[in-house]
Amino acid sequence: MDLNVVTLGNEVLREKAKEVETFDQALEDTVRQMFVLMREKKGVGLAAPQVGISRRFFVTEAADDKPRVFINPEIIETSQETVKGEEGCLSLPGVWADVVRPYSVRVQAQDLTGKIFHLNAEGWLARIILHENDHLNGLLFVDRLPQNVKNKVISKYEKMSHN
Ligand code: NI
């Protein structure tokens, strides 16, 4: 199976992804390929819907952090404190915008064997986790922007991608 990143306009990006029920070799292979693809494209996170798979899992690899896999993640808690930070997305290549998000997050997820783990993350990693988790619910980072900013970013993206 050769995976590719799908971009804005592909319906799978707007679907609510389904739970992962089977923790098998196929899942492990998909995750491995997602890491390859993410690194190739110089991304720091990649969610299954972005490779056309409407299932609840994503991978992250922030600078100074280890590669991480989150399967069936649940956001348990987010901080009241928010912070603005620049985000891009492999599904909207070439555009970036400042997005306001909670500063820290507590997430529960399963690993590749199905074992549940918890993680407290803050700053950049928290931002990546929240961005990727949004993908599982059909949300893109531009949906978190004020409408006028969102329109500008999308029209810039469309101009670029139609060249
Ligand atoms: Ni993204």
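This is a predicted model: local features need pLDDT of at least 70, side-chain atom pairs count only at pLDDT 80 or more; totals for chains, interfaces and linings use all residues.
# Values against cut-offs

Me: Why is Arg68 called buried?

Reply: Its relative accessible area is 17%. Buried means under 20%, exposed over 50%, and partly exposed in between (1.4 Å probe, protein chains only). Residues are numbered from 1 along each chain as its sequence is written, and side-chain values use heavy atoms, with hydrogens and water left out.

Me: What makes Asp65 and Arg68 a salt bridge?

Reply: Their closest N and O atoms are 2.8 Å apart. A salt bridge needs a side-chain nitrogen of Lys or Arg within 4 Å of a carboxyl oxygen of Asp or Glu. The pair meets that limit, so it counts. Asp65 itself is partly exposed, at 21% relative accessibility.

Me: How many salt bridges does the structure hold?

Reply: There are 9. Glu87 takes part in two that deserve a look: with Arg101 at 2.7 Å, N to O, and with Arg127, also at 2.7 Å. The Arg127 pair links distant parts of the chain, 40 residues apart, with Glu87 in strand S4 and Arg127 in helix H2. Helices (H or I, at least four residues) and strands (E, at least two) are DSSP runs, numbered from the N terminus.

Me: What does the pair of Glu87 and Arg101 tie together?

Reply: Again the bridge is Glu87 to Arg101. Glu87 lies in strand S4 (residues 82–87) and Arg101 in strand S5, so the bridge ties parts that are 14 residues apart in sequence. Glu87 is buried, at 3%. Arg101 is buried, at 3% too. Arg127 is buried as well. Glu87, Arg101, Arg127, Asp134 and Arg144 are linked in a network of salt bridges.

Me: How do you know which atoms are the protein donors of the nickel ion?

Reply: Donors are N, O and S atoms within 2.8 Å of the metal (3.2 Å for Na, K and Ca). Cys89 (SG), His131 (NE2) and His135 (NE2) lie 2.1 to 2.3 Å from the nickel ion. They meet the limit, so they count as donors. Water is not among the atoms, so the site may look incomplete. The spacing along the chain is C-x41-H-x3-H.

Me: What separates His131 and His135 in helix H2?

Reply: They are 4 residues apart in H2 (residues 123–136), which means about one helical turn. An α-helix has 3.6 residues a turn, so residues three or four places apart point the same way. His131 is buried at 6%, and His135 is buried at 1%.

Me: Why does Glu132 have no salt bridge?

Reply: The nearest side chain of opposite charge, Arg101, is 8.2 Å away. Lys and Arg count as positive, Asp and Glu as negative; His and the chain ends are not counted. Glu132 sits in helix H2. Its side chain does reach the backbone nitrogen of Ala47 at 3.3 Å. Not counting residues up to four places away in sequence, Glu132 touches Gly45, Leu46, Ala47, Gln50, Phe58, Val59 and Thr60. Contact means heavy atoms within 4.5 Å.

Me: How does the reach of helix H1 compare with the expected value?

Reply: H1 (residues 25–40) has 16 residues and reaches 23 Å from first C-alpha to last, close to the expected 22 Å. The expected span is 1.5 Å times one less than the number of residues. Buried residues of H1 include Leu27, Val31, Phe35 and Met38. The buried residues of H1 pack against strands S1 (45–47), S2 (57–60) and S3 (68–78).

Me: What makes the phi of Asp64 stand out?

Reply: The phi of Asp64 is positive, about 65°, although Asp64 is not a glycine. Most residues other than glycine have a negative phi. Asp64 lies in the loop between S2 and S3 and counts as exposed at 86%. Asn72 also has a positive phi, about 50°. Asn72 lies in strand S3 and is buried, at 6%. Just after H1, Lys42 takes a positive phi of about 60°.

Me: Why is Pro102 called partly exposed?

Reply: Pro102 has a relative accessible area of 22%, so it falls in the in-between class. Pro102 is found in strand S5 (residues 97–102). Its contacts include Thr78, Glu81, Val83 and Leu130.

Methods: A polar contact is a pair of N or O atoms within 3.5 Å; within protein, one must be able to donate a hydrogen and the other to accept it, and residues adjacent in sequence count only if both atoms are side-chain atoms.
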